[in-house]
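Subject: A structure for you to look at

Hi there,

Here is the structure I promised to pass on. Have it open while you read, and my notes on what turned up follow below.

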Amino acid sequence: MARGHQKFQSQQKNAKKQAEIKKSKGHDQKAAAKAALVYTCSVCRTQMPDPKTFKQHFESKHPKSPMPPELLSVEA
């Protein structure tokens, strides 16, 4: 078991190593947001995250267009 100065050096080395791993991995918010948008409107090509939002969009923006089959079973 490390004590004193050796323990401090070990902690610094580990913190540096973890920071490098985190930096190399990174976090891409644009990619994460784009992955969450799974439903695409067939009329205007707008992307939405869930079927409820998709149905609300379709009813408000395209009332005269026929409802897509995947939205017929969704309750608003």
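A helix here is a DSSP run of H or I with at least four residues, a strand is a DSSP run of E with at least two, and both are numbered from the N terminus. With that in hand, the order along the sequence reads α-α-β-β-α, which gives three helices and two strands.

Two notes on the source before we go on. This is a predicted model, in which local features need pLDDT of at least 70 and side-chain atom pairs count only at pLDDT 80 or more, while totals for chains, interfaces and linings use all residues. Residues are numbered from 1 along each chain as its sequence is written, and side-chain values use heavy atoms, leaving out hydrogens and water.

**Overall form**

What does the C-alpha trace span along its principal axes? The answer is about 75 × 20 × 15 Å. The radius of gyration of the chain is 24 Å, whereas a compact globule of 76 residues would have one near 11 Å. That radius is taken over C-alpha atoms, and the globule rule is 2.2 Å times the number of residues to the power 0.38.

Of the 76 residues, 13% count as buried. Buried means under 20% relative accessible area, exposed means over 50%, and partly exposed lies in between (1.4 Å probe, protein chains only). A contact means heavy atoms within 4.5 Å. Among contacts with a separation of 6 or more, 4% come from residues 24 or more positions apart.

The charges are worth a look too: the mean positions of the 15 positive and 6 negative ones are 15 Å apart. Lys and Arg count as positive and Asp and Glu as negative, with His and the chain ends not counted. Each charge is placed at NZ of Lys, CZ of Arg, CG of Asp or CD of Glu.

**Helix H1**

Helix H1 covers residues 5-25 and includes Gln11. Gln11 counts as partly exposed because its relative accessibility is 48%. Its C-alpha atom is 57 Å from that of Lys61, which is 50 residues away along the chain. Ala19 is also found in helix H1, and it is partly exposed because its relative accessible area is 44%. From Ala19 to Lys55 the C-alpha distance is 43 Å, for 36 residues in sequence.

**Residues 39-61 and what follows**

An unreviewed UniProt entry carries the annotation "domain: C2H2-type" for residues 39-61. UniProt positions are given in the numbering used here, feature names are shortened, and annotations may be inferred rather than shown by experiment. The span is 48% helix and 17% strand, and its end C-alpha atoms lie 15 Å apart.

Arg45 is in the loop between strand S1 (39-40) and strand S2 (47-48). Its phi is positive, near 65°, in a residue other than glycine. Most residues other than glycine have a negative phi. Is Arg45 buried or exposed? Arg45 is exposed, because its relative accessible area is 60%.

Ser65 is in the segment after helix H3 (51-61). Leaving aside residues up to four places away in sequence, Ser65 touches Val43 and Phe58. Ser65 and Val43 are 22 residues apart in sequence, with 8.4 Å between their C-alpha atoms. Ser65 is partly exposed, at a relative accessible area of 29%.

Happy exploring!
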